[in-house]
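Please work through the following exercises with the structure at hand. Each task is followed by a solution in steps.

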Amino acid sequence: MMKPYRAGIKGTGSILPGKKLTNSQLESIVETSDEWIIKRTGIRERHILEDGVPLAKIAAEASVKAINDAGLNPADIELIIASTCTPDYLTPSLSCMVQRETGAKNAAALDVNAACTGFIYALQTGRQFIENGTYNNVLIVSAEALSRVTDFNDRKTCVLFGDGAGAVVLSKVDDETGVEEVFLGAVGDDGNVLTIPLLYASDIDVQNRNQGKKQVIWMDGSEVFTFASRIMSEATKKVLDNAGTEMEQVKYIFPHQANMRILQNAAKRLGVSMDRIYSNLEYTGNISSASIPVCLDEASNKGLLKKGDKIIMVAFGGGLTYGSALLTWSKQH
Ligand code: ACO
């Protein structure tokens, strides 16, 4: 169906906190090794949000970069959509805190929580407001402080996660670029394989955790791994089929950065070489919904993306959730 308007990414921005946690530092915290972590995940280091710093700070800094990159002022933003599963507060929402920190005083503000798939869910939400003519400029910011919900005594999870923020400005475009197709899904039946309790925890969730550490990540790693390996390729194929586009027309895939072996499995199933799969997890770890917009900002800054390039973004995460998006790059550089 033809939409009245098209929505394209006109600006990107990202922040990785200055403090780093390397594999060798983790060796002195839990029984693990640099060799095991690299071989099983591909991760060498991750960035950690400093104590006492709100997540909203890096979310706002990434947002300001994206707004400047789009050649706009904060006052031009009409809607802020923040995706996070680690907000500073239940209320105010992260999006309202970003509004305050950026001075985007004309914007409405809402949060989305789809764990690591949050950016794709936010993109699909934001594009609607542009395509139906409600707004011209929507800020999407995905920010996570997973280190704050990590049990650093649990070697099965603490080596995987990091912190960071990535933002894009989605604007009305008057050419053939922009969001083409988005595909979203969820498997709530399997939500118990990856949990972070907050105000309630089931008996099983309490049993799975070290005593007294209720509000931390617990994950059945191999269940999530199996799901991720399958869904990354299936969701990619689905969005291509729905758009009537061939894989050969796509320049890069930007997958959620969880584990290098998941990316390799997806590449194999899709018959795509690894040089078309963007990856930065070696020095970020898994930063949940922030991972795709951080990758987009990096790739844009490196000059890898040119106006007219087709890209796919694909993610899976807690919930369980999954999603993929096909987009034609709108920025000149
Ligand atoms: N260091 C050393 N040994 C370890 C470590 C570690 N950090 N972690 C686990 N091991 C051990 C295990 O105890 C096990 O030992 P055992 O055989 O004696 O019991 C052995 O290594 C193998 O463990 P597996 O769990 O089978 O290891 P696997 O190769 O599956 O890798 C991993 C585990 C990395 C967690 C993998 O399953 C994975 O990446 N899963 C997906 C995680 C993911 O993508 N999560 C996304 C979450 S998204 C979100 O929304 C937050």
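The exercises below concern aromatic rings and backbone geometry in this predicted model.

**Exercise 1.** Determine how the rings of Phe183 and Tyr322 are arranged, and which parts of the chain they connect.

*Solution.* Step 1: The ring centres of Phe183 and Tyr322 are 6.0 Å apart, and a pair requires centres within 6.5 Å. Step 2: The planes form an angle of 55 degrees; since stacked pairs lie under 30 degrees and edge-to-face pairs over 60, the pair is tilted. Step 3: Phe183 belongs to strand E8 (residues 178-186) and Tyr322 to strand E13 (residues 321-328), so the pair ties together parts 139 residues apart in sequence. Step 4: Phe183, Phe227 and Tyr322 make up one aromatic cluster.

**Exercise 2.** Decide whether Phe183 and Tyr322 are buried or exposed.

*Solution.* Step 1: Buried means under 20% relative accessible area. Step 2: Phe183 has 18% relative accessibility and therefore counts as buried. Step 3: Tyr322, at 15%, also counts as buried.

**Exercise 3.** Locate the cis peptide bonds that join Thr91 to Pro92 and Gly319 to Leu320.

*Solution.* Step 1: Between Thr91 and Pro92, omega is about 5 degrees; Pro92 lies in the loop between strand E4 (79-83) and helix H4 (94-102). Step 2: From Gly319 to Leu320, omega is near -15 degrees; Leu320 is in the loop between strand E12 (310-317) and E13.

Key. Residues numbered from 1 in each chain as written. Predicted model: local features only at pLDDT ≥ 70, side-chain atom pairs only at ≥ 80, totals over all residues. Heavy atoms only, no water. Helix = DSSP H or I, 4+ residues; strand = E, 2+ residues; numbered from the N terminus. Buried < 20%, exposed > 50% of the residue type's maximum accessible area, 1.4 Å probe, protein only.
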